[in-house]
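Q: Please take a close look at a single part of this model. Describe its setting and its packing in one connected account.

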Amino acid sequence: MTEQSDSSSSSSWTPPDSSSSSSFSPSSDPSPASNHEPGWTGGYGNDPGPYQGSYGQPTYDQPPYGQPQYAQPQYAQPPYGQPYGPQPGMPGPHPYYGPPAARGPWIVPVRPGVPFHQMARTDAHRWWRPLVGTVAVLGAEFLAAAVLMILGIIAYVVVNGEPPEMGSDTSLFGNVSADLAFNLAALALLIPIVFLGAWGVQRRRPGTLSSVVGRLRWRWLLACCGLALVFLLVSFGASALAGMFGDVPDEPEGRWVGWGEFLLPALIVVALVPFQASAEEYVFRGWIPQAVGACTLQDRPGGGGVLGRALRTPWPGILLGAVLFTSLHGYTGWGVLDIFMFGAIAGWLTVRTGGLEAAIALHVFNNLMAFLLPAAFGRLTLEQGAVPWQYVIADVVPMLLYAAGAWWLSRRLKVETVTPGGPAPLPEEPAVAGRQATPGPA
């Protein structure tokens with residue numbers, strides 16, 4: 001049995017064409033070379049021989065699939081432990097690494113050497129900023145007035161123990177003193193609202209609405225208040241003179257109401273009228289002229305033509321502010337001209353003096369007289385309607401005299417009329433013997 005098995009095993013290792021004996025020798029090594037083509041030199045030892053490729057295929061000198069070799073770029077790596085980003089000796093920051101670019105400040109400075117009506121034209125100006133800012137100011141004023149009314153009703157209930165009677169069309173709280181305080185305070189809220197509009201929409205300092213130096217010039221304001229007192233005296237005299245040549249328009253009853261009835265309205269007027277009058281100046285002589293003055297069209301081809309040259313002057317903003325100011329009053333006939341002239345004169349004076357101080361002083365003292373005088377005779381509401389032309393002249397002439405006096409005084413006091421930082425004029429060349437001094441270029 002054993003010999004037959006060995007014989008059958010040896011027959012499996014014999015090539016088909018071999019004529020040698022079929023006996024299997026235990027000492028013979030069945031080498032795998034018998035399964036390969038002639039020329040195979042590999043083996044199972046430590047020296048496998050040269051690699052001949054997969055499945056015994058010969059090797060080739062060209063790269064795989066016949067593709068050429070390309071040089072790969074070498075990227076500079078930062079030293080171990082160093083962060084990515086610009087390093088000393090590197091050719092510049094990589095666009096995807098490093099800290100983000102720092103943003104500039106929100107407030108953009110006013111350009112140097114520009115007049116008051118062009119102060120809103122900063123480097124951040126876009127055509128939509130004046131429009132969006134105006135709409136935002138109006139919306140914020142309506143919202144603030146609604147909140148103030150709610151707070152006023154709550155305060156009225158706390159003081160009186162019952163809600164006010166609000167059925168009348170002319171009275172909001174059913175009390176003339178409360179109505180007067182609400183109306184003045186609601187208008188006074190325009191001051192912080194336009195400040196927020198200048199800061200949040202136009203990206204400029206709120207003080208640029210006050211003057212060319214970026215703030216309210218208090219010394220100049222006090223000087224203008226002195227002139228406004230003179231204006232009141234002249235206005236009283238002119239009104240008395242106009243009454244001699246014309247009809248007296250609804251004069252208040254000539255009866256003193258007494259201190260008990262006059263004191264509370266007087267305190268309300270003195271406390272709130274300066275803010276109410278100033279707020280109207282900030283809107284109609286500050287915000288509107290500067291909003292119009294920012295749209296100069298000077299970036300258009302040819303500078304915007306005739307329209308561009310007109311918009312670079314202060315008059316479009318002055319006239320628009322005067323028209324809007326007049327539309328919010330209830331005067332008719334010659335009274336419309338009176339209010340329009342007040343707005344136009346105040347606007348011209350603002351541009352010529354570089355700020356709102358002169359216009360604020362004129363408006364404050366004019367309104368103090370307009371509120372306190374009727375209140376002394378029991379009237380806390382302004383009677384707006386038709387005004388005889390004689391009284392219009394008696395009102396406009398003192399305003400013109402005040403404007404002329406304020407402009408003259410501003411020149412004497414060297415009040416700034418343009419923003420600081422503009423190019424200074426060159427000094428005159430000193431005179432030499434036989435030759436006059438030559439002024440520098442303007």
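A: A residue counts as buried under 20% relative accessible area, as exposed over 50%, and as partly exposed in between (1.4 Å probe, protein chains only). The model is predicted, so local features need pLDDT of at least 70 and side-chain atom pairs count only at pLDDT 80 or more, whereas totals for chains, interfaces and linings use all residues. Residues are numbered from 1 along each chain as its sequence is written, and side-chain values use heavy atoms, with hydrogens and water left out.

By that scale Trp 127 is exposed, because its relative accessible area is 64%. Trp 127 lies in the loop that links helix 1 (2-12) to helix 2 (128-160) (helices are DSSP runs of H or I, at least four residues, numbered from the N terminus). Between Trp 127 and Leu 297 there are 170 residues in sequence, yet their C-alpha atoms are 9.5 Å apart in space.

Helix 6 spans residues 259-293 and contains Ser 278. Ser 278 is buried because its relative accessible area is 11%. Beyond its neighbours within four places in sequence, Ser 278 is in contact (heavy atoms within 4.5 Å) with Ile 191, Ile 360 and Val 364.

Helix 6 also packs against helix 8 (residues 315-327), at an angle of about 140° and with the axes 8 Å apart.

Terms used: Helix = DSSP H or I, 4+ residues; strand = E, 2+ residues; numbered from the N terminus. Axes fitted to C-alpha atoms, helices over the stretch in contact; angles between N-to-C directions.
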